[in-house]
Amino acid sequence: METSNGLKVTVETVIQVPVAKVWKYWTEPDHITKWYQPSADWHAPRAENDLRVGGNFLTRMEARDGSMGFDFSGIYDEVKLHETISYTLGDGRKVDIAFVDQGDATKLIEIFDAETMHPVEFQQAGWQAIIDNFKRYVEESER
């Protein structure tokens, strides 16, 4: 089964918090479980993160009504503190994340290989919703 159609999709946001704090919220499992969902009817009850080249990560995503769930997981290919994270998902697709230091703000840019099961627009909307939720969580936590 083909998992990638060769298309790369970009989502991005600007968080009004310095990059070192954004990095912490993005990478620590205790925080990941609080923001990693595209909408209120989903949640992430568990997260594991071995943030190093060759390290594994896993975030369990579940519908709050218990109707479905899946593990979002992969292996890190590159980790540059406060700058970039690159990983390969279990199905072979690649993801690159840039943390762009803008002083008191951080631009987060995520580029991922689209999969073939869902329309690209659907995937982009879902990934954008997750980083928008991340932005909300970080900015509210820092108030």
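The legends below describe close-up views of one predicted model.

Residues are numbered from 1 along each chain as its sequence is written. In this predicted model, local features need pLDDT of at least 70, side-chain atom pairs count only at pLDDT 80 or more, totals for chains, interfaces and linings use all residues, and side-chain values use heavy atoms, with hydrogens and water left out.

View 1. An unreviewed UniProt entry carries the annotation "domain: Activator of Hsp90 ATPase homologue 1/2-like C-terminal" for residues 17–139. UniProt positions follow the numbering used here, feature names are shortened, and annotations may be inferred rather than shown by experiment. Over residues 17–139 the chain is 29% helix and 41% strand, where helices (H or I, at least four residues) and strands (E, at least two) are DSSP runs numbered from the N terminus. The end C-alpha atoms of residues 17–139 are 7 Å apart.

View 2. The strands form an open sheet in the order 1-7-6-5-4-3-2, with antiparallel pairing; two strands pair if DSSP finds at least two bridges between them. Strand 1 (8–15) and strand 2 (42–49) are at the edges with a single partner strand each, so one side of each has no neighbour in the sheet. On average, neighbouring strands of this sheet are turned by 20 degrees against each other, direction ignored. In a regular strand the side chains alternate between the two faces of the sheet.

**View 3. The hairpin of strand 2 and strand 3.** Six bridges join strand 2 and strand 3 in the antiparallel sense. Glu-48 has Leu-58 in strand 3 as its bridge partner. Six residues lie between the two strands, and Gly-54 in the turn has a positive phi of about 90 degrees.

**View 4. Strand 4 between its two partners.** Strand 3 (residues 56–63) and strand 4 (residues 69–80) run antiparallel and are joined by seven bridges. Asn-56 is bridged to Ile-75 of strand 4, and Met-61 to Phe-70 of strand 4. Their hairpin has five residues between the strands, with Gly-66 at a positive phi near 80 degrees. Strand 4 also pairs with strand 5 (residues 84–89), antiparallel, over six bridges. Here Ile-75 stands opposite Thr-88 in strand 5. This second hairpin has three residues between its strands, and His-82 in the turn has a positive phi of about 65 degrees.

**View 5. Strand 6 and strand 7.** Strand 6 (residues 94–101) and strand 7 (residues 106–113) pair in the antiparallel sense over seven bridges. Phe-99 has Leu-108 in strand 7 as its bridge partner.

**View 6. Helix 1 against helix 3.** Helix 1 (residues 19–27) and helix 3 (residues 120–141) pack at an angle of about 120 degrees, with axes 11 Å apart. Helix 1 is therefore oblique to helix 3. Axes are lines fitted to C-alpha atoms, for helices over the stretch in contact, and angles run from 0 to 180 degrees between N-to-C directions; under 35 degrees counts as roughly parallel, over 145 as roughly antiparallel, 65 to 115 as roughly perpendicular and the rest as oblique. Val-22, Tyr-25 and Trp-26 of helix 1 meet Ile-131, Phe-134, Tyr-137, Val-138 and Ser-141 of helix 3, contact meaning heavy atoms within 4.5 Å.

**View 7. The helices on the sheet.** Helix 1 lies across strand 1, strand 2, strand 4, strand 5, strand 6 and strand 7, at about 150 degrees to strand 6. Helix 3 also packs on the sheet, touching strand 1, strand 3, strand 4, strand 5, strand 6 and strand 7. The direction of helix 3 makes about 20 degrees with that of strand 1.
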